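Thank you all for making time for this. I would like to walk through a few local features with you, slowly enough that anyone new to structures can follow along.

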Amino acid sequence: MKSTFMKLALAASIAIIFGSPAVAATASDTATTQQGTNAAKGSQYGDFGPPQGDPIHAVLTSPPQVPPPIHRDKPAKVIVELEVIEKDMPISEGVSYRFWTFGGTVPGSFIRVRQGDTVEFHLKNNPNNKMPHNIDLHGVTGPGGGAASSSTAPGHESQFTFKALNQGIFIYHCATAPVGMHIANGMYGLFLVEPPEGMPAVDHEYYVMQGDFYTTGKYREKGAQPFDMEKAIAEQPTYVVFNGREGSLTGDNALTAKTDQTVRMFIGNGGPNLVSSFHIIGEIFDRVQSEGGTLAQENVQTTLVPSGGAAIVQFHTEVPGSYVLVDHSIFRAFNKGALGILKVDGPENKAIYSGKEVDSVYLGDRPNPNPNAATQAAHAASTGKLTLEDQIKAGKELFTGTCSICHQANGEGLPGVFPPLAKSSFIAADPKKSIEILLHGLTGKVTVNGQEYNSTMPPMIQINDDDAANILTYVLNSWGNPGGYVQAAEVAKVRAAPPAK
């Protein structure tokens, strides 16, 4: 009895010293609180003693999934096994790239441990790989973040051990020379060190990571595209994407939630060059742990995520709809690929938001099922079997996502504002002139179907030759226009020529 009384008295004293209202806490509760208080002070307070219990094999997940939360009140020995795999994967529709990956995905596998854990790290380099690799974890206290101990040749395995002293969300990446090239090829991921008391429960956790990629071909140029070192040094990316490819978080791959739920996203930026201005159109972040630190901001619209950095954003869903994830350096979103979707289902709440969804203004059919017709047309073109029907189907799909904003889905345009494409006298007079207008734009007065228009058609140089040919072929064969087709080679020829005055 006396011993129990002494423990409670000691717990009460500690609680008072550290400002805890739980005066009657148990010794175990107080120890956990003490760990949490010390943990926020830095690495000199993050050592909670040797591992206890049997070793644990870490659960690793592929993006956008996150391993389950940790429910332990003691430090453990956690074994992490991660394999480097060099592999060809799509970076956009009909475009492949040779990625270097941690775990077979870009970004690499998500790693989750508890502050104070001792991590035994195994890095394996697949025997089919061509390059040596290592790993630098920003959550490691030690030379190179582990890079100095993990240089691994193909067919070999390296092992090192470290203690996770600081809580937070940390980047890991390859640091083998040339470092920029390894990172630019997709060698990065996120490493979460939970605080000792754990993280508040939420309904969904997602893993989203931005990266900039440098290919020899232009944006959406079809075929296998190798890495371009000159573009990378000049910091002029061909693609800026979430989770390793354009469209990785759209269509069938969109993130999901229901109304009246809390969503936590771990947002990383592998770079290697660009800073991300992360924003979700139609949501406000209730809480942001910027740069992965312990201090949080509230009610944030857009948060900066530096290259080689990360953040934790959290928000509550109120009304249904498709919410668009973007890098708000906005040309990256709509012209280089940094765009994703969170689809929220549930009952409407007119008191909070009244009005129609505006996905078509930004995305066309991106929130809907994947663009299969465009994919099929790209495949048919690569095999020399592209038909007029293939072009029309693909062109309709692409027109809906790119052109219907101004010209409308029925091709009627807007009276007095945007000229019609339907039964267009302008198109009928010179069908192939549409190629030049699409690529180089058109400004000034034109007469279409007897009515004068004076608006601006911006140059759509971001549309590749195949997609441009398919869009124009669809227009020529729709709404009473004269018919015919446009070939990608014709588009390429016009693109290469100087624009007409």
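Predicted model: local features only at pLDDT ≥ 70, side-chain atom pairs only at ≥ 80, totals over all residues.

Let me begin with helix H7, which covers residues 372–382 and whose buried residues are Ala373, Ala374, Ala377, Ala378 and Ala380. If you look down the axis of H7, these buried residues fall within an arc of 165 degrees, so they line one face of the helix. On the face of H7 that is turned away from this buried side, you will find the exposed residues Gln376, His379 and Ser382.

Glu298 belongs to strand E17, which runs over residues 297–300, and Glu298 is exposed, with a relative accessible area of 60%. Strand E17 also holds Asn299, which counts as exposed at 59% relative accessibility and has a positive phi of about 60 degrees, although it is not a glycine.

A positive phi is also found at Lys423, another residue other than glycine, where the value is near 45 degrees. Lys423 sits in the loop between helix H9 and helix H10, and is exposed, with a relative accessible area of 62%.

Finally, where are the cis peptide bonds that I would like you to find? One leads from Pro63 to Pro64, with omega near 5 degrees, and Pro64 is in the loop between strands E1 and E2. Another leads from Gly271 to Pro272, with omega near 20 degrees, and Pro272 lies in the loop between strands E14 and E15.

Note on methods: Residues numbered from 1 in each chain as written. Heavy atoms only, no water. Helix = DSSP H or I, 4+ residues; strand = E, 2+ residues; numbered from the N terminus. Buried < 20%, exposed > 50% of the residue type's maximum accessible area, 1.4 Å probe, protein only. Arc of directions from axis to C-beta.
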